[in-house]
Amino acid sequence: MDHASSPAAALHSVRTRIAAAAARAGRAPEDVTLIAVSKTHEAPAILPVIAAGQHVFGENRVQEAMRKWPPLRAAHPMVKLHLIGPLQTNKAREAVALFDAIHTIDRIKLARIIAEEMARQARTLALFIQVNIGAEPQKAGVSIEDAPGFFHQCRDELGLPITGLMCIPPADEDPAPFFESLRDIARTCGVSLLSMGMSGDYETAILHGATHVRVGSAIFGARV
Ligand SMILES: *Cc1c(COP(=O)(O)O)cnc(C)c1O
């Protein structure tokens, strides 16, 4: 991948490729938010990436993020944190307190607890519904068929500010049709943000409308 010499150099290369993909899609590079996925990496790897100007980070475990990020954020208050991994309801309180966005809303029980916690803590997070776009039994996410109904339940019954959809296409398949399908569902729901694309396919995702790409190993190297 891209982590040739250092995470900061790899970040630059990813940013350049994001800008090129956006240009090819006739989109502005600012319309694509790069989420640097720092899971499994510790402060010494993360700090140079912050210093290189990256302010949006993604983590997939609440526990790990709670251990790593409070000191980093105290020193770098402009940092925004996105939860991109599965969320257990018993971690919802901590997640709402720590994160600025959650990409993995996928069941009504979780949606209800997030709504309660946002009210209780007077915090508003950006929320994405995760769609199981490849209908894979082992993957999280609402089904394509249930997505619009779940979206309306979240928004109209719980008042949740759902602003986008997220997906992880099946590995080893052309991701393009899955990205296109997520874009269709977002149109149906009337939401504008699309969290899709990882190290191997973020340029393809941008061509299909991604507004948030989640890139880990192409910046930080292999996970530890
Ligand atoms: C780990 C992870 C990523 C980043 O994966 P890379 O292939 O390392 O870029 C993106 N999205 C989710 C949900 C992840 O868990």
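Author: Let us begin at the ligand, where a polar side-chain atom of arginine 214 lies 2.9 Å from a nitrogen atom of the ligand. This is a polar contact, meaning a pair of N or O atoms within 3.5 Å; within protein, one must be able to donate a hydrogen and the other to accept it, and residues adjacent in sequence count only if both atoms are side-chain atoms. The protein covers 89% of the 390 Å² of accessible area that the ligand has on its own, with areas taken from the Shrake-Rupley method with a 1.4 Å probe, and for residues only the protein chains shown count as cover.

Reader: Before we go on, where do these values come from?

Author: The model is predicted, so local features need pLDDT of at least 70 and side-chain atom pairs count only at pLDDT 80 or more, while totals for chains, interfaces and linings use all residues. Residues are numbered from 1 along each chain as its sequence is written, and side-chain values use heavy atoms, with hydrogens and water left out.

Reader: ok, and which backbone atoms lie 2.7 Å or 2.8 Å from an oxygen atom of the ligand?

Author: A polar backbone atom of glycine 216 is 2.7 Å from an oxygen atom of the ligand, and a backbone N or O atom of serine 217 lies 2.8 Å from an oxygen atom of the ligand. The residues around the ligand, each with a heavy atom within 4 Å of it, include Val37, Lys39, Ile84, Met166 and Arg223.

Reader: New topic: how many residues does the largest nonpolar core have?

Author: The largest nonpolar core has 64 residues, and Phe57, Ile105, Ile114 and Ile129 have the most contacts inside it. Helix α7, residues 176-189, gives the most to this core, with six residues. Such a core is a set of buried Ala, Val, Leu, Ile, Met, Phe, Trp, Tyr and Cys residues joined through side-chain atoms within 4.5 Å, where buried means under 20% relative accessible area, exposed over 50% and partly exposed in between, with a 1.4 Å probe and protein chains only.

Reader: What do the buried residues of α7 pack against?

Author: They pack against α6 (147-157), β6 (162-166), β7 (193-195) and α8 (202-207), and among them are Phe178, Leu182, Ile185 and Cys189. Helices (H or I, at least four residues) and strands (E, at least two) are DSSP runs, numbered from the N terminus. After α7 comes glycine 190, whose phi is positive, near 75 degrees.

Reader: And is threonine 104 buried or exposed?

Author: Threonine 104, found in strand β4 (residues 101-105), is buried, with a relative accessible area of 1%. Its side chain reaches the backbone oxygen of glycine 85 at 2.9 Å. Leaving out residues up to four places away in sequence, threonine 104 touches, among others, Leu83, Pro86, Phe128 and Met166, a contact being heavy atoms within 4.5 Å.

Reader: Last one: which side chain does glutamate 117 join in a polar contact?

Author: The side chain of glutamate 117 has a polar contact of 2.8 Å with that of glutamine 121. Glutamate 117 sits in helix α5 (residues 108-121), and glutamine 121 is placed in helix α5 too. At 6% relative accessibility glutamate 117 counts as buried, and a polar atom of the glutamine 121 side chain lies 3.3 Å from the backbone nitrogen of alanine 97.

Reader: Why might residues three or four places apart in an α-helix point the same way?

Author: An α-helix has 3.6 residues a turn, so residues three or four places apart point the same way.
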